[in-house]
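Hello,

Here is the structure I said I would pass on. My notes on what was found follow below it.

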Amino acid sequence: MTIELSRRGFCIGTALIGLQTVSSGAFAARSEDGTVRLGLVAPMSGPNARYGAFSLRGAQMAAKEINDAGGVGGRKINVMPGDSQGTPVEGVSATRRLIDQDQVDFIIGDVSSSVTLAMQPVVEDAGVLLLNAASSNPMITYKAGVGGFKWTFRNYPTDENRSLLVLQYAAEKKGFTKYSVLSVDTDYGRAAIHFTKKYLPRFKSEILTEDYYKEGEVDFRSVLSKIRDSGAQAIIMYGNADSAPIVGRQMMEVGIAGKIPLIGNAEFNTASTIKAAPKAMEGAIEAAAWLPGYDSPKSKAFVDKFTAEYREAPNNHAYVHWETVHLLAKAIEQAKSIDREKVRAALSGIHYDSAVGEVTFDDHNQARLPMILLEIEGGKPVVKGAYKAEIDYPK
Amino acid sequence: MFYTIIEQVVNGIVSGSVYAIVAVGMTMIFGVLRAINFAHGEYYMLGTFGAWFAIEYFDLPYPVAVVIGVVATAVIAVVVGNFVMQRIVGAPAEAGVLATLGVALILQNTVILVFGGSYKFFSGGYIEPVSVFGFTLAEQRILIIIVGLIVFVGLELMVTYSRMGKAMRAVSQNIECCAVVGIDVRHIALWTFIIGAGLAALSGVLTAPVNVSVYGGMGELITFKTLPIIIMGGLGNVRGTFVAAMILGIAESLVATYVGLQFRDTVGFATLMLVLMWRPHGLFSAQARF
């Protein structure tokens, strides 16, 4: 009986291996169906699903525009989403699935820095080009290009620039020197504060209290009353958009709204955040890669089209993913092929006109991009200028 | 310094009141059904979503939305109670764990499927800050403390004087004897479950205005906050749960201020471990249920 069973098992096993070979054979004909398979890793569910939804819509809108105009090199772009749930573990398995099963040609992702950092070695092993559009932890490109990971590119400014510009604006225009930190406990929040500390001495400033919150935290009052009593002139917050309204409302409760402004980046400028806590958001200073009010014809056209299409104004993530798909399409066009090596070479030397200025990549595969500084005045975000800073890579 | 400590204790009492209203339902369900309800946080979430839906889609005032949130959750609890919870009375403990975990996943994912996974903005409630004895608190937080006290006094009166309450106490002490003397155990189990889920929903709608954001996965955190409370309070012990919730709320508030916000979530389980080393059955006896 045992022998018979194992024979049967052997037969089934062999058949399965056979099937596997056949199906791999089918997959080996990757992209011969005439499309460009573009994987998009983003948090489609979980607390950060909002970002994923915007990213996907932005990418799909760009793909549709390119496809309607005849595709790229005659190929249509097929966006294939993978859900990272905003966590590194899920992000890595989504990436593997896109590479192994869906046989994608290129990947764009993730929104979260922690996830992107985890995806980098995976795409490197597979030799698949990863074009990041929305993570800002500086380590991502410290480790890329001449830093080691040759398949990772990033079309997004880094937190090192962001921290520097925010601090510079706060010190020079507002005269702040004493800060409290309230940031999200992730690679993004921690890195932004790490680099803020790097530039503190330059502006003769200091941090008086330092706290990090877990994603999903809803009670900030204890920390906010500590900040109120600390003598801080501003709160440095690098967090997610969903925490900003809660922090704002609780700032009103502990009586610091309008007295100690928020500076950093956590989508202080979205209409719903300002509506949730108008008094707390007044005077908030933010450095963003892009915002809907950015004054350029290409940006305005994007906002109008997105709003008409989805009946909702786009956020930063929608824009950067839309722009990055167009950037990739241009690289493919220049390479005249979807061969990954050729596209990678094309990206390295590209000059692409984005809505915020020309995009070129440095030897760490990092796009040179400006950051837009804005301040909330009278309940509206007011752009204070776009600043560019070279990255000070560790030697 | 002294002022800050008092302020943090007041903050802790507010958080404690929220935990207490959620946890008391969970501990009652344990008392009667002998099952830890891992889906408890989901009823908190359902209540909040019910109220959010009422405000967002029908523009109803907040008090009406509170009623809708609680009633909608109670209706769902009747369905889940009939199909799942009644069947785990007297079943092995694993059945209860798996069944409630399953319910949690179904409820959470159904909400995500229907409303999307993203955060929603809750716009109702009374968020204006008021000064009480020199402390500023949102009106909503004062409401939470008052409702918390009313709920506990009400429960105390119910289990002491009402027929249903007496039956609940009896079932929590000995199911077999209750069955022998003719108490409808399944009926009592169902009602305990509905009351427990309703209280979780009430807690959700009360905190939504100050927590601002509403999303499908919000219940998980509450379930895991509630677990150490009900264990510390002596599983099934209502008064113990109230005290344990206050201890956790105040401890969390002090840790967030003096140690760091990032350590807040570790407080519950760290306190639980300390308590269990000293008193393995929790701070209060599980024998003295209700």
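**Second largest pocket**

Helix α4 of chain B contributes the most to the lining of the second largest pocket, with 3 residues. Please bear in mind that this is a predicted model. Besides α4 (93–115), α9 (218–232) of chain B also supplies at least two residues of that lining. The lining has 23 residues in total, and those nearest the centre of the pocket are A:G46, A:P47, A:Q85, A:T87 and B:E220. By class, 15 of the lining residues are polar, 5 nonpolar and 3 charged. The volume of this pocket is about 520 Å³.

**Interface**

Between chain A and chain B, about 2,800 Å² is buried, with carbon and sulfur atoms giving 50% of that area. On the chain A side, A:R221, A:R249 and A:E253 account for 24% of the area buried against chain B, more than any other three residues. The contact involves 34 residues of chain A and 33 residues of chain B.

**Nonpolar cores**

The largest nonpolar core holds 115 residues, and within it A:I77 and A:L224 touch the most other members. Helix α13 (residues 316–335) of chain A provides the largest share of this core, 11 residues.

Which residues does A:L224 contact, leaving aside its neighbours within four places in sequence? They are A:L182, A:I235, A:V247, A:Q250, A:M251, A:V254 and A:I256.

Regards

Notes:
Residues numbered from 1 in each chain as written. Chains lettered and ligands numbered in written order. Predicted model: local features only at pLDDT ≥ 70, side-chain atom pairs only at ≥ 80, totals over all residues. Heavy atoms only, no water. 1 Å grid on protein atoms, 1.4 Å probe; cavity = no way out; pocket = protein on both sides within 12 Å on 5 of 7 lines; lining within 4 Å. Points joined across faces, edges and corners; volume = space filled by probe spheres on them. Helix = DSSP H or I, 4+ residues; strand = E, 2+ residues; numbered from the N terminus. Nonpolar A, V, L, I, M, F, W, Y, C, P; charged D, E, K, R; others polar. Core = buried A, V, L, I, M, F, W, Y, C linked by side-chain atoms within 4.5 Å. Buried < 20%, exposed > 50% of the residue type's maximum accessible area, 1.4 Å probe, protein only. Contact = heavy atoms within 4.5 Å. Buried area = accessible area lost by both parts, 1.4 Å probe.
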